[in-house]
Amino acid sequence: MSEDLPILACRDMSCQISARPKALDVLQNIDFTVARHTALGIVGESGAGKSMLVKSIMGIAPASVRVNGQIMLDGQDLFAMKPRDRARFIGRKVGIVFQNPMTSLNPYVPVGRQIAEACRQHFDVPRDEARQRAIELLRTVGIADPEDCYDYYPHHFSGGMKQRIMIAASLICHPDLLIADEATTALDVTVQKEVLDLLQTIQEQRQMSMILVSHNLGVVAGRTDEILVLYGGHVVEYGPTSEVFRNPRHRYTEALLSAMPHMDQPTHTRLRTIAGQPPSLANKPAGCPFAPRCGAAEGPCHTTMPDMRTGTDSRHRFACHFPLEQTVGPAVVSGATDRGARAQ
Amino acid sequence: MTNTRLPVAGTSPSRLLEIENLSVHFSRSGKLMRAVDGVSLHVAAGETLGLVGESGSGKTTIGRALLRLLPEANTQWQGSIRYQGTDLASLSRAGMRGMRGRMQMIFQDPVSSFNPRRRIEDIVAEGLVIQGVPKAERRTRVEAALADVGFALADVAGRKPHQFSGGQCQRIAIARALAVQPDLIVCDEPVASLDVSVQAHVINLLQDIREARRLAMIFISHDLAVVKNVSDRVAVLYMGKVVEMGSGEQIYDRPAHPYTRKLLEAVPVVDASRKLRPAADQQAIPSRIRPPSGCAFRTRCPRAVARCGEEEPILTPAPRGQMVACHFPHDETAPFSTARQA
């Protein structure tokens, strides 16, 4: 496939859960691309649709979910394929690491076999070679004594080590795209940093693309090229990570950034809160999903969903009727300016 | 907003809670695990003490030991916990029950700390029933406690926990703790399971209540940014021991212990101005059952020398005023945050 073709492109994708009395829209009008060798961050609160998006891409959404629109993986339309071919194709192209390594690994099977399994499933390789590949990967992800560890069971490893094993398993088919779905949420900060560093190193060394899904803006901030902010099943802001963090245009992104406590703030700083609750699937607002909680919402916000607009940087897009002004300096990430000021 | 209530060596008249040399050991299948090992802490009235550390560092065990909520089987604990002069170890079960009228706890997962089949007003009133508050008074106190966390009793009466979101449940858990009018609340990861926008709400709420009621808090969290925001003083725990303790500014701006620096470096910072360079180094966390000799952190410490393996460092005053347990503490004058910036 050609190099400038994006590894993943979702066009007008939507997900619906069939339910009574009416179907529930989990995701609507999802439009994004992941270029080769780049990392995309997907952020959002619980219920925003992050995991459903990932599952739809992987083709592992529950049977009650209807996925519409178009998903192009490495230039191929996934929905034009037969289900069996599709699963095969996705399995070879995409590796995924889930949040909880304990539930992703089978406790009764040695970890090495679980890694090699995918390799034997997708490529017709002899048992010995699969084993060798698995051991090689265990070494890559930083497991000491990989030959011995091959035969260990999941409970022999700590949470961070299990997550490393999951990363090894996701790499066995040489994927072009690696998806980390809240892969470090269950880990300690120090271990989280190690695992994130590992993911980033692997992505860069193997020239893969990566999707980093997280509820934590800090996890995504320094480690992705582009960022997609989901809210209530809609993409509310999408653009280069540095641009979105320095100059968020959607009011939700801005509110989310200022609701986070920063280590640079003095003790007992009052945090900004976002009033109200995220929208429930059953009764979504008619217009902008954020309108009921937004301080600047007016007439059209409550009735029509805003279209995607483009900022000064054409790659920076946001869906808001009354977007925040384009400011030059780092307006919201006050931590950076504070630190800079203190350094002088 | 610099905090001046720094700990002064010796005794302070306003000390609400004093923990001295607390050790908690769990024994499982013949192996002994020192979950907490010789920890001494104190909390003044109206003060918030933050406890930070990785999982397994003993944060929760300390919190539970304070309220005597540790399992009885296979657990030994030593040391003294004095609450306004009363030694908790000397109290009978009934005495401890009375003591819990002055000390309360909020847990990480509010949904699982509620009985799903009970009504909200009964959940909030439960502490009052145990404390023997007369029925006539209970209703007003439940109403007041719910009002403090932003609920009207009339709106929530008769509803069950599953009808509330995670953030709302956590507010109800705070109301349950407040209803008995305690002087001290142990908050064990109260915001860990909440979304960012909801988390800000709960933190602000806890701050308001703390100010209004002059409430002391022990705030246990693995999130260093949250602890910085709420705490007057911070104690950093590593493998059951306090390795550094001081005011928020001391710990965050001039951390002396290499472990504190490592923790702070690992916090994901919302700063997208440059892309992070992944570090290749990683060290295994030592076993809790066979901790390393000397300083427990030496296996992961960049500064460790032979002495660290032979002699265990004890908490001593560091150059910047905080207490630190390290043979070679950092004493860089530059605030730590500038080092992060570079």
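Here is a friendly set of questions and answers about a predicted model with chains A and B.

Me: Let's begin with chain A. How many helices and strands does chain A have?
Reply: Happy to start there. The C-alpha atoms of chain A fill a box of roughly 65 × 55 × 40 Å along the principal axes. Within chain A there are 13 helices and twelve strands.

Me: What is the radius of gyration of chain A, and what does the globule rule give for 344 residues?
Reply: For 344 residues the globule rule gives 20 Å, and the value for chain A is close to that, so chain A is as compact as a globular protein of that length. The radius of gyration of chain A is 21 Å.

Me: What percentage of the residues of chain A count as buried?
Reply: A residue counts as buried if 20 or more other C-beta atoms lie within 10 Å of its own. Of the 344 residues of chain A, the buried part is 47%.

Me: How do H4(A) and H5(A) lie, oblique or parallel?
Reply: Two packed helices are described by the angle between their axes and the distance between the axes. Helix H4 (residues 111–122) and helix H5 (residues 127–140) of chain A have axes that come within 9 Å and cross at roughly 120°. That angle makes H4(A) and H5(A) oblique.

Me: Which residues of H5(A) make the contact with H4(A)?
Reply: The crossing of these two helices, H4(A) and H5(A), is right-handed. H4(A) brings Gly112(A), Ile115(A), Ala116(A), Cys119(A) and Arg120(A) to the contact. By class, the residues of the contact of H4(A) with H5(A) are six nonpolar, one polar and three charged. From H5(A) come Ala130(A), Arg131(A), Arg133(A), Ala134(A) and Leu137(A).

Me: Which peptide bond is cis, with omega near 5°?
Reply: Most residues other than glycine have a negative phi, and most peptide bonds are trans. The loop to look at lies between strand S1 (8–17) and strand S2 (24–34) of chain A, and it holds Pro21(A). The cis bond runs from Arg20(A) to Pro21(A).

Me: Is His268(A) buried or partly exposed?
Reply: His268(A) sits in the loop between H11 and helix H12 (299–303) of chain A. Its phi is near 60°, a positive value in a residue other than glycine. With 18 other C-beta atoms within 10 Å, His268(A) is partly exposed.

Me: Now to chain B. What percentage of its 342 residues count as buried?
Reply: Chain B has twelve helices and twelve strands. Its radius of gyration is 21 Å, close to the 20 Å of the globule rule for 342 residues, so chain B is as compact as a globular protein of that length. The C-alpha atoms of chain B fill a box of roughly 65 × 50 × 45 Å. The buried part of chain B is 44%.

Me: Why do H6(B) and H7(B) count as roughly parallel?
Reply: Angles under 35 degrees count as roughly parallel. Helix H6 (residues 166–179) and helix H7 (residues 196–213) of chain B have axes 9 Å apart, and the helices pack at an angle of about 15°. H6(B) and H7(B) are therefore roughly parallel.

Me: Which residues of H7(B) meet H6(B)?
Reply: The crossing of H6(B) and H7(B) is right-handed. On the H6(B) side the residues include Gln170(B), Ile174(B) and Leu178(B). On the H7(B) side they are Val198(B), His201(B), Val202(B), Leu205(B), Leu206(B) and Ile209(B).

Me: What is the phi of Glu189(B)?
Reply: Glu189(B) is found in the loop between strand S7 (184–188) and H7 of chain B. This residue is partly exposed, with 19 other C-beta atoms within 10 Å. Glu189(B) is a residue other than glycine with a positive phi, near 50°.

Me: Which helix gives the most to the side of chain A that touches chain B?
Reply: The contact takes 51 residues from chain A and 45 residues from chain B. Elements that give two or more residues on the chain A side include helix H8 (189–205) and helix H13 (334–343). The helix that gives the most, with eight residues, is H8(A).

Technical notes: Residues numbered from 1 in each chain as written. Chains lettered and ligands numbered in written order. Predicted model: local features only at pLDDT ≥ 70, side-chain atom pairs only at ≥ 80, totals over all residues. Contact = placed C-beta atoms within 7 Å. Helix = DSSP H or I, 4+ residues; strand = E, 2+ residues; numbered from the N terminus. Axes fitted to C-alpha atoms, helices over the stretch in contact; angles between N-to-C directions. Parallel < 35°, antiparallel > 145°, perpendicular 65-115°, else oblique. Left-handed = near helix turned anticlockwise from the far one by under 90°. Rg over C-alpha atoms; globule rule 2.2 N^0.38 Å. Buried ≥ 20, exposed ≤ 12 C-beta atoms within 10 Å, placed from the backbone. Nonpolar A, V, L, I, M, F, W, Y, C, P; charged D, E, K, R; others polar.
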